[in-house]
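Hi,

Here is the structure I promised to pass on. Please have a look at it first, and then read my notes below.

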Amino acid sequence: MTNECIQEDIKNTTSLQLNTPVCFGCGVCMLVCPHGVFTVRNGKAVITDQSVCTECGLCAANCPVNAISVIPQSQTEKVTAGC
Ligand code: SF4
Ligand code: SF4
């Protein structure tokens, strides 16, 4: 199995979800995300590029109203067989 294969599995299991009605646009998720996944437009967070999310969990842990959910990588099932 190659490292490329592992990366592909992670991208295929991205679990990031944003509950937009709950968001009040504080921008914390945008500030803490190391990969620039979020921006804030018209008072709401917006996911600009979900494909670069590494499921680190920082955004979900810091959102004051729990508008973000993500299952950290360590808890996702990684399919390794057949690579
Ligand atoms: S889980 Fe991590 S990488 Fe993904 S959007 Fe949140 S802060 Fe960014
Ligand atoms: S941290 Fe939560 S409330 Fe703040 S902008 Fe992001 S999703 Fe919205």
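In which helix is Asn62 found? Asn62 belongs to helix H3, which covers residues 58–62. Before I go on, please keep in mind that this is a predicted model.

Let me stay with Asn62 for a moment. Setting aside residues up to four places away in sequence, Asn62 touches Val28, Cys29 and Val32. Val28 lies 34 residues away from Asn62 along the chain, yet their C-alpha atoms are separated by 6.9 Å.

Now the overall layout. The protein chain has three helices and four strands, and along the sequence they follow the pattern α-β-α-β-β-α-β. Of the 83 residues in the protein chain, 16% are buried. If you take the contacts between residues at least 6 apart in sequence, 52% of them join residues at least 24 apart.

Strands S2 (residues 38–41) and S3 (residues 44–47) run antiparallel and are joined by four bridges. Thr39 has Val46 in S3 as its bridge partner. The two strands form a hairpin with two residues between them, and Asn42 in the turn has a positive phi of about 50 degrees.

Next, the ligands. Around ligand 1 there are 13 residues, of which Cys33, Val37, Cys53, Cys56 and Cys59 come nearest. The shell of ligand 1 is made up of nine nonpolar, three polar and one charged residues. Ligand 2 is also surrounded by 13 residues, and the closest are Cys23, Cys26, Cys29, Ala45 and Cys63. By class, the shell of ligand 2 has eleven nonpolar and two polar residues, with no charged residues.

The largest nonpolar core has twelve residues, among them Cys29, Cys33, Val37, Ala45, Cys59 and Cys63. Leu18, Phe38, Ile68 and Val70 are also included in this core. Cys59 is worth a click: beyond its neighbours within four places in sequence, Cys59 is in contact with Cys29, Val32, Cys33, Phe38, Ile68 and Val70.

Asn66 is placed in the loop between H3 and strand S4 (68–69). With 10 other C-beta atoms within 10 Å, Asn66 is exposed.

Finally, a word on confidence. The average pLDDT of the protein chain is 83, and 71% of the residues score at least 70. Over residues 5–11 the pLDDT stays under 50, and the model has seven contacts beyond four places in sequence for this stretch. Residues 79–83 also have a pLDDT below 50, with six contacts in the model beyond near neighbours in sequence.

Best wishes

Technical notes:
Residues are numbered from 1 along each chain as its sequence is written. Chains are lettered from A and ligands numbered from 1 in the order in which they are written. This is a predicted model: local features need pLDDT of at least 70, side-chain atom pairs count only at pLDDT 80 or more; totals for chains, interfaces and linings use all residues. A residue is near a molecule or strand if its C-beta atom, placed from the backbone, lies within 6 Å of it. Ala, Val, Leu, Ile, Met, Phe, Trp, Tyr, Cys and Pro count as nonpolar, Asp, Glu, Lys and Arg as charged, and the others, Gly among them, as polar. A nonpolar core is a set of buried Ala, Val, Leu, Ile, Met, Phe, Trp, Tyr and Cys residues joined through C-beta atoms within 7 Å. A residue is buried if 20 or more other C-beta atoms lie within 10 Å of its own, exposed if 12 or fewer, and partly exposed in between; C-beta atoms are placed from the backbone. Two residues are in contact if their C-beta atoms, placed from the backbone, lie within 7 Å. Two strands pair if DSSP finds at least two bridges between them. pLDDT is the predictor's confidence in each residue, from 0 to 100.
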